Amino acid sequence: MVGLAADWLTSAANTNMFTYEIAPVFVLLEYVTLRKMREMVGWPGGCGDGIFSPGGAISNMYAMLIARFKMFPEVKEKGMAAIPRLVAFTSEHSHFSVKKGAAALGIGTDSVILIRCDERGKMIPSDLERRIVEAKQKGFVPFLVSATAGTTVYGAFDPLIAIADICKKYKVWMHVDGAWGGGLLMSRKHKWKLNGIERANSVTWNPHKMMGVPLQCSALLVREEGLMQSCNQMHASYLFQQDKHYDLSYDTGDKALQCGRHVDVFKLWLMWRAKGTTGFEAQIDKCLELAEYLYNKIKNREGYEMVFDGKPQHTNVCFWYIPPSLRGMEDSEERTSRLMKVAPVIKARMMEYGTTMVSYQPLGDKVNFFRMVISNPAATHQDIDFLIDEIERLGQDL
Ligand SMILES: Cc1ncc(COP(=O)(O)O)c(C=O)c1O
């Protein structure tokens, strides 16, 4: 309700984030909120820079843009032809936006090297190091490692400390895509999963995911102050006049890629004021507890197979429902091809009945499995019970 009220007020004000004179209060709120988020990441005194961008995909692209500029500032004027062949590294389970950013920035998707993951979906640091060395031997320049804190499908947290050591050794920019997992920084119980994030050069954190802030609300946080400004500024003289009567550092618009920029901060700021960090913490802990409840309920239940062993680290619970006709059947091509069709049919039936909905996907060599993700703090244990009943009701004849 608080987020919704703030969203309404934001629309009523209908202003623009490019200059202080046009959005003085919102610019100041962005300043304090980003500082607070950087503090929670663990950067001393909340120092650094950042911006609210139109989503995690764009925040990740900003990180790539700034990392490239840090290494080769001349790229801004001269373009890619003036610099050596760059390569970025991210895990095979990372979000597709890393590749999309590379395509948009002219780096190319072939220059994004996918690092192997372990069975829990975490990046394997030794494979990262091996691929960095290999790329250097080929004459490429490694400029960015994008680690993920909370992968989209498994909800896995990459080992950030080991990755930070490698980035330091090879002098590569370390980005942490915490679009999904960043919210866990609010929780005393779960924030250890992001240990090492304080060593990142940049972090993506989407309050519009786990923290329930109305869309859109995504922050890109950067450790080094001033870099975003030099990377993106164009000094448009009709907006950023240098002879204004106030402190020009509050005209933050020129560090964005956009000209006009939506006010995304107010929803988050007002929700944070209303419920406090402990309120967000309770909300997040509850969602994780519900995910654990689901996991405990199905892990040994007849007709279910977990996609990976052990308790999920985030709220992603990945599983197959095995209908009675497939139970006890040996692992064979026929079983695999029939199992592949189970989740899509159950989901389609859920949509037809209009009772509930749960996402599915294949991943690597794993055929379609359900991925239940809980981010709505209004969800209850009864909702989870209902989901299981519904899967069984709709899938028993398959
Ligand atoms: C890990 C991760 N990064 C980035 C994104 C993209 O975020 P957005 O949808 O806000 O662009 C997602 C979206 O699911 C994600 O899971």
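Which helix gives the most to the shell around the ligand? Helix α3 (residues 56-71) does, with three residues. Helices here are DSSP runs of H or I with at least four residues, strands are runs of E with at least two, and both are numbered from the N terminus.

1. **Ground rules.** This is a predicted model, in which local features need pLDDT of at least 70, side-chain atom pairs count only at pLDDT 80 or more, and totals for chains, interfaces and linings use all residues. Residues are numbered from 1 along each chain as its sequence is written, and side-chain values use heavy atoms, with hydrogens and water left out.

2. **The whole protein.** There are eleven helices and eleven strands. The C-alpha atoms fill a box of roughly 75 × 55 × 35 Å along the principal axes.

3. **Surface and interior.** The protein exposes about 17800 Å², and carbon and sulfur atoms supply 54% of it. Accessible areas come from the Shrake-Rupley method with a 1.4 Å probe; for residues, only the protein chains shown count as cover. Of the 398 residues, 52% count as buried. Buried means under 20% relative accessible area, exposed means over 50%, and partly exposed lies in between (1.4 Å probe, protein chains only).

4. **Contacts across the sequence.** Take the contacts with a separation of 6 or more: residues 24 or more positions apart account for 70% of them. A contact means heavy atoms within 4.5 Å.

5. **The ligand shell.** The residues around the ligand include Gly55, Gly56, Ala57, Asn60, His95 and Asp177. By class, the shell has two nonpolar, eight polar and two charged residues. Ala, Val, Leu, Ile, Met, Phe, Trp, Tyr, Cys and Pro count as nonpolar, Asp, Glu, Lys and Arg as charged, and the others, Gly among them, as polar.

6. **Polar atoms at the ligand.** Asn206 places a polar side-chain atom 2.9 Å from a ligand oxygen. For His208 the distance from such an atom to a ligand oxygen is 3.0 Å. For Lys209 it is 3.0 Å. Taken alone, the ligand exposes 390 Å², and the protein buries 81% of that.

7. Ile115 is in strand β3 (residues 112-115). It counts as buried because its relative accessibility is 0%. Ile115 and Glu92 are 23 residues apart in sequence, yet 5.6 Å apart in space, C-alpha to C-alpha. Beyond its neighbours within four places in sequence, Ile115 is in contact with residues including Phe89, Met123 and Asp127. Asp127 lies in helix α6 (residues 125-137). Asp127 is buried too, at 3%. A polar contact of 2.8 Å joins its side chain to that of Arg130. Such a contact is a pair of N or O atoms within 3.5 Å; within protein, one must be able to donate a hydrogen and the other to accept it, and residues adjacent in sequence count only if both atoms are side-chain atoms.

8. **Gln361.** Buried or exposed? Gln361 is buried, with a relative accessible area of 10%. Gln361 sits in strand β10 (residues 359-363). Its side chain makes a polar contact of 2.8 Å with the side chain of Arg371. Not counting residues up to four places away in sequence, Gln361 touches residues including Val153, Val367 and Phe369.

Key
Near = heavy atom within 4 Å.
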